[in-house]
Amino acid sequence: MAHCVTPLTSSMASLGCACRFFPSATTRAEAYSLPLLSPPPSTPRSSLKCLKSSPSVSPLFLNQKFQRRTLVHAPNAGGVVRSPTCFASDPDQLKGAREDIKELLKTTFCHPILVRLGWHDAGTYDKNIEEWPKRGGANGSLRFEIELKHAANAGLVNALKLLQPIKEKYPNVTYADLFQLASATAIEEAGGPKILMKYGRVDVSGSEQCPPEGKLPDAGPPSPAAHLRDVFYRMGLNDKEIVALSGAHTLGRSRPERSGWGKPETKYTKDGPGAPGGQSWTVQWLKFDNSYFKDIKETRDEDLLVLPTDAVLFEDPSFKVYAEKYADDQDTFFKDYAEAHSKLSNLGAEFDPPEDLKMGMKIGGGHEAGFFN
């Protein structure tokens, strides 16, 4: 099993098997494509009514939905009523997938790359485009070779390979849900906050629906603050959310052979865990806390990575207000991070059942299958 030890990519710094949200450099991920299969001939046409993707959807690799009777709370009716509801993902399978992801994290240390996978699938969203899936966002498109080959996604094929056995075991969980479930679970299992998530994201059906390249942030742009705002404002995020999400760099490391950033090895990474090497942002780079902000503020340790887009958090007047607050108060950071992560995970997604359905089923932690208020 491959070892993944970097986080959210930093566009900035591709962490081979780990990184964070930001793109990596120019290295391209190896090809990883899955064939599209047609539903078995025995599948009645009526059972495909729920599908928003092509009828030639693969029952394993694409958007498999199912009809299921579930309990829906009707507060105005004073009780509970039964109603047929079409789900993009099976709540029971989501729960099982979450437990398997937790076991995967224990053996592969792949928290960072799973966070990065979820972020990069959602981070292509453009609030100025209304039509789904042209608007990008959390729709499972990152499973296709054409998008995996984007420079920012270098190495994410490894994350997909780690999750593929779980996808095969739980075929009624969409890729879009699986990516976001893995990302949130990785944060929580690394000691981070509980993230209130909702599920039911619909998958795109083909590679022609993938977003164009260039939607994710760079690590060393000429004007770091302006660049971060250009990218994140396009998603509908604000300065507080930019800084809070940047704090996920507390996880992972950057490898120069993949991103062009960082040292080949430091005293904090030479012994792993997982494959040794790279340069981390923090000393305990598999622990989610507020040390990222503390370490940038102090800038005393040359073995810790500080990218231009990291340093600007304490240089830009608006960003600095939040960065200083998070360096001093981990509880506030956790609260703001959890809210920002939850918001990011929903960007651009099309949900089934629709967002106005007032129901939810706990699958553990802060996770719910379905929707909630």
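**View 1. Asp329 caps the N-terminal end of helix H12.** A side-chain oxygen of Asp329 lies 3.1 Å from the backbone nitrogen of Asp331. The model is predicted: local features need pLDDT of at least 70, side-chain atom pairs count only at pLDDT 80 or more, and totals for chains, interfaces and linings use all residues. Residues are numbered from 1 along each chain as its sequence is written, and side-chain values use heavy atoms, with hydrogens and water left out.

**View 2. Helix H12 covers residues 330-346.** Helices here are DSSP runs (H or I, at least four residues), numbered from the N terminus. H12 has 17 residues and reaches 24 Å from its first C-alpha to its last, close to the 24 Å expected at 1.5 Å a residue; the expected span is 1.5 Å times one less than the number of residues. Its buried residues (under 20% relative accessible area, 1.4 Å probe, protein chains only) include Phe333, Phe334, Tyr337 and Leu344. Gly348, which follows H12, has a positive phi near 75 degrees.

**View 3. Arg98 forms a salt bridge with Glu188.** A salt bridge is a side-chain nitrogen of Lys or Arg within 4 Å of a carboxyl oxygen of Asp or Glu. The closest N and O atoms of Arg98 and Glu188 are 3.1 Å apart. Arg98 is in helix H1 (residues 91-108) and Glu188 in helix H5 (residues 175-189), 90 residues apart. Both Arg98 and Glu188 are buried.

**View 4. Lys169 forms a salt bridge with Asp100.** Their closest N and O atoms are 3.0 Å apart. Lys169 lies in helix H4 (residues 156-169) and Asp100 in helix H1, so the pair ties together parts 69 residues apart in sequence.

Terms used:
Helices (H or I, at least four residues) and strands (E, at least two) are DSSP runs, numbered from the N terminus. Buried means under 20% relative accessible area, exposed over 50%, partly exposed in between (1.4 Å probe, protein chains only). A polar contact is a pair of N or O atoms within 3.5 Å; within protein, one must be able to donate a hydrogen and the other to accept it, and residues adjacent in sequence count only if both atoms are side-chain atoms.
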